[in-house]
Amino acid sequence: SEVGSWEERDEVSFGGSWICQLDKLSRRLVWLNLFVGLAVALAVVAVVANTIKLTVLAKRDMIVILMMVGASEWFIRMPFLYEGVLQTLGASAVSLLILYAVTVTVSDRFGGVHFLSPVETLAFVGIGVFLGLMGSWLALRQILKEIAL
């Protein structure tokens with residue numbers, strides 16, 4: 001409106017409808033990102049849980065012997081929880097390396113693209129570790145009850 005009041009101007013074109021469409025697209029992309037992130041998080045938990053279940057089943061005899069000699073529940077659980085954490089740490093490291101390589105390639109070609117900040121990188125790894133612990137915990141909660149019976 002201010003530029004429209006200037007005498008030197010011929011015409012003022014404001015792309016209001018175009019900006020509204022861009023805002024709608026932006027909001028849809030945010031929701032899509034959240035949905036994809038949730039799907040990936042659930043997939044991580046499922047993969048870790050199934051891997052831990054398979055590991056526990058492979059070591060069933062050792063676990064039964066540990067229970068018979070009086071090992072505490074935490075003594076039996078901790079190695080499997082560590083395994084879930086190590087799996088997600090490894091997966092986080094690999095995905096961050098791939099993301100870094102893509103970022104460097106895209107930045108060289110187009111410019112203005114930056115890798116994650118240290119805080120974002122730590123948050124990514126921390127969320128991965130949390131998901132690994134959650135998957136391990138869920139798997140152990142179910143499978144150790146079956147073995148104990």
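**Exercise 1. Describe the largest nonpolar core: which of its 13 residues touch the most other members?**

Solution. The largest nonpolar core has 13 residues, and Ile52, Val56, Ile63, Phe80, Leu140, Leu144 and Ile147 touch the most other members. Next, find the suppliers. Helix 1 (16-58), helix 3 (73-110) and helix 4 (118-148) each give at least two residues to this core. Helix 4 gives the most, with five residues. A nonpolar core is a set of buried Ala, Val, Leu, Ile, Met, Phe, Trp, Tyr and Cys residues joined through side-chain atoms within 4.5 Å. Buried means under 20% relative accessible area, exposed over 50%, partly exposed in between (1.4 Å probe, protein chains only). Helices (H or I, at least four residues) and strands (E, at least two) are DSSP runs, numbered from the N terminus.

This is a predicted model: local features need pLDDT of at least 70, side-chain atom pairs count only at pLDDT 80 or more, and totals for chains, interfaces and linings use all residues. Residues are numbered from 1 along each chain as its sequence is written, and side-chain values use heavy atoms, with hydrogens and water left out.

**Exercise 2. Summarise the chain: how many helices and strands are there?**

Solution. Count the elements. The chain has four helices and zero strands. Read along the sequence, the pattern is α-α-α-α. Then take the burial. Of the 149 residues in the chain, 20% are buried. Last, take the contacts (heavy atoms within 4.5 Å). Among contacts with a separation of 6 or more, 75% join residues 24 or more positions apart.

**Exercise 3. Characterise the packing of helix 2 and helix 3: at what angle do they pack?**

Solution. Two packed helices are described by the angle between their axes and the distance between the axes. Axes are lines fitted to C-alpha atoms, for helices over the stretch in contact, and angles run from 0 to 180 degrees between N-to-C directions. Helix 2 (residues 60-68) and helix 3 pack at about 150 degrees, with axes 10 Å apart. That makes helix 2 roughly antiparallel to helix 3. The cut-offs: under 35 degrees is roughly parallel, over 145 roughly antiparallel, 65 to 115 roughly perpendicular, and the rest oblique. Now the residues. Ile63, Leu66 and Met67 in helix 2 meet Phe75, Ile76 and Phe80 in helix 3. They divide into six nonpolar, no polar and no charged. Here Ala, Val, Leu, Ile, Met, Phe, Trp, Tyr, Cys and Pro count as nonpolar, Asp, Glu, Lys and Arg as charged, and the others, Gly among them, as polar.

**Exercise 4. Trace two residues of helix 4: what do Ser136 and Leu140 contact?**

Solution. Start with Ser136 in helix 4. Ser136 is buried, with a relative accessible area of 0%. Leaving aside neighbours within four places in sequence, Ser136 contacts Val48, Ile52, Phe80, Leu81 and Gly84. With that exclusion of neighbours within four places, Leu140 contacts Ile52, Val56, Arg77, Phe80 and Leu81.

**Exercise 5. Classify Thr103, Leu116 and Leu86: buried, partly exposed or exposed?**

Solution. Thr103 is in helix 3. At 10% relative accessibility, Thr103 is buried. Thr103 touches Val113, His114 and Phe115, not counting residues up to four places away in sequence. Thr103 and His114 are eleven residues apart in sequence and 6.6 Å apart, C-alpha to C-alpha.

Leu116 sits in the loop between helix 3 and helix 4. Its relative accessible area is 29%, so Leu116 is partly exposed. Neighbours within four places aside, Leu116 contacts Leu96, Leu99 and Thr121. The C-alpha atoms of Leu116 and Leu96 are 9.1 Å apart.

Leu86 lies in helix 3. Its relative accessibility is 58%, so Leu86 is exposed. The C-alpha atoms of Leu86 and Val129, 43 residues apart along the chain, are separated by 8.0 Å.
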